[in-house]
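Student: Hi! I'm new to this one, could you walk me through it?

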Amino acid sequence: MALIDTPRASPTFVASALLLVLVSAAVQYWSRSRARSKLPPGPTPLPIIGNILDIPRNNPWQTFAEWGKIYGDVIHLQVFGKSIILLNSAEATNDLLEGRFGIYSDRPAFPLIDLVGHSKWNFGFMPYGQLWRSQRRLLQEKYTNQAFLRSVEPSHRMVVARYLQNLLRDPEGVFEHIQLRAGQLIMDVTYGVTVEDAMDPFVQTAQHVMDVVAVGLSPPLWLLNPLAIVQGLPSWMGGQTALPGLQRWRSDLEDMRCKPFAQVKESLAKGTARTSYAATLLQEMAPEDGSEVENTIRDTATLAYGAGFDTAVSNAESFLLAMILYPEIQKKGQEEIDRVVGSHRLPDYSDKDSLPYITAMMKETFRWHPPAPTGIPHKLRSDDVYKGMHIPGGAIVMGNVWGICHDPERYPDPMTYNPERFLREDGTFDCSTNDPSRFVFGFGRRVCPGKYFSEDSSWLMIAQFLATFNITAATGEPFPTAEFLPGGVSRPKKFKSTITPRSKAAAELVEHAARD
Ligand code: HEM
């Protein structure tokens, strides 16, 4: 017998409970299907092709930001039935790419890049999962480690010294010198290999590989996928291999992946290896020849090279362009160096805390023209609802890095290059509320692991350039404008400049640093 009598439910009570359950299920169903039908707003798509004609070739990031003013910070586009979500605000990237990283960290397929063979080993293009995690951990642990970052300072110094010497001897070849500096830095840090000139075979191969990657990352190619035609060819027509250039692209990639790494192993065996990412990991982990661990070291090293080259070139070119367009800022940077460091030596990392204006210039260069203005696209794994809007699973999600870096609320008068936005009234540096690196280097679990390394590299280049050179527009040539090329990694349109040493003493400092 039950100790407490259970009260009998009256028929009215049962009926009302049932009704309540039914009503709440109906409300849930209704609100879900309403949300599903409530995609984020955006320009009206045309049948079949969707919004493809709305996306301009030039400066799409600027158009995306303009759309933000009309449609809000979450925008839906459609291209051949594929959903693309543009995130135009720090709040939206923060809420979704950071806050809901579990479903927002996949990558879409990049058909050309897949076809060449990157996605099998390059974690930057891998889906979010165990393999991605273990590969990324290896690279990230080094590139975010203070001891590692300090250990590569001599490499930064060496490549800037050579860059400045090249500018002194051949100022007209500035763009080649910028490329060489980027190649030298990464080869030195990654493999301990010294690159003497731009014709170095490792640099040449890497450049060919990166040119193909740049094409593969450009939106028309991965959105429209014209390669599907080639992929669908039967084997008697050559199948995929019918694509002209494919064999060459694949063999370049294999060379880039294997040759410098083999050289590191060889020099380790001979006891002549210099400190580098690859050599340090091979020594620390002592993997078996051809083992999975060894392959991961090799592959993450290749990735560091690929990811850090074009982005560094873009940043260096944007800095020079800004100096031509804003001579008063160039002068202020030089005045700070003259006042703090003097003209008898070059500024160095140990001066960083005393050079807030230079640090602000480094941040402002990244903000003014982020090297990857629309980031690298993420892919949403499953359906989501954000602020009542339905974000369909499988959608490509792009954080508009440029748009966020030019949000006038966060960065007043955003088109103007103004480092002072990162300085307090007393001239000390402060980017606690508006650090552009929170956006420039991407979002969430996919954020760029090379962020601190790249900031260090950019800082020294800016400080030592300003200490030793003046740059102006070339006389008799059209005055440069702030125009940038399209692409996954974007850089300024070519411009002509005059680069001269600030004094005889400055020229001597440059020669001296390059001899050391
Ligand atoms: C100016 C310099 C650089 C800029 C502006 C830059 C920017 C970016 C951006 C926007 C992303 C996409 C993040 C996302 O998906 O949300 C990215 C990814 C990545 N970057 Fe960088 N990067 C730079 C330099 C470097 C360097 C020097 C390295 C070498 C360690 C590097 C390694 C990577 C890797 C491995 C990824 C893929 C991360 C993943 O998918 O998990 N980057 N970078």
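Student: Great. What kind of model is it, and how are residues numbered?

Tutor: This is a predicted model, where local features need pLDDT of at least 70, side-chain atom pairs count only at pLDDT 80 or more, and totals for chains, interfaces and linings use all residues. Residues are numbered from 1 along each chain as its sequence is written.

Student: How many helices and strands does the protein have?

Tutor: The protein has 21 helices and eight strands. Helices (H or I, at least four residues) and strands (E, at least two) are DSSP runs, numbered from the N terminus.

Student: And what share of the residues counts as buried?

Tutor: Of the 516 residues, 42% count as buried. A residue is buried if 20 or more other C-beta atoms lie within 10 Å of its own, exposed if 12 or fewer, and partly exposed in between, with C-beta atoms placed from the backbone.

Student: Let's switch to the ligand. Which residues come nearest?

Tutor: There are 28 residues around the ligand, and Ala307, Gly308, Gly442, Cys448 and Gly450 come nearest. To count as near, a residue needs its C-beta atom, placed from the backbone, within 6 Å of the molecule.

Student: Which helix gives the most to that shell?

Tutor: That is α15, with seven residues. Helices α6 (130-143), α15 (292-325) and α20 (451-468) each supply at least two residues of the shell.

Student: What classes are in the shell?

Tutor: The shell around the ligand has 17 nonpolar, nine polar and two charged residues. Here Ala, Val, Leu, Ile, Met, Phe, Trp, Tyr, Cys and Pro count as nonpolar, Asp, Glu, Lys and Arg as charged, and the others, Gly among them, as polar.

Student: New topic: at what angle do α13 and α14 pack?

Tutor: Helix α13 (residues 246-270) and helix α14 (residues 277-285) pack at about 55°, with their axes 10 Å apart. Axes are lines fitted to C-alpha atoms, for helices over the stretch in contact, and angles run from 0 to 180 degrees between N-to-C directions.

Student: So what do you call that arrangement?

Tutor: α13 and α14 are therefore oblique to each other. Angles under 35 degrees count as roughly parallel, over 145 as roughly antiparallel, 65 to 115 as roughly perpendicular and the rest as oblique.

Student: Which residues make the contact?

Tutor: From α13 they are Phe261, Val264, Lys265 and Leu268, and from α14 they are Ala278, Ala279 and Leu282. Two residues are in contact if their C-beta atoms, placed from the backbone, lie within 7 Å. By class, the contact of α13 with α14 divides into six nonpolar, no polar and one charged.

Student: Where is Ala286 found?

Tutor: Ala286 is in the loop between α14 and α15. Ala286 has a positive phi of about 40° although it is not a glycine. Ala286 is exposed, with 9 other C-beta atoms within 10 Å.

Student: Last one: is Pro108 buried or exposed?

Tutor: Pro108 is buried, because 21 other C-beta atoms lie within 10 Å. Pro108 lies in the loop between α4 (101-104) and α5 (111-116).

Student: What does Pro108 touch?

Tutor: Not counting residues up to four places away in sequence, Pro108 touches Trp222, Pro377, Lys379 and Ile396. The C-alpha atoms of Pro108 and Ala395 are separated by 8.6 Å, although these residues are 287 residues apart along the chain.
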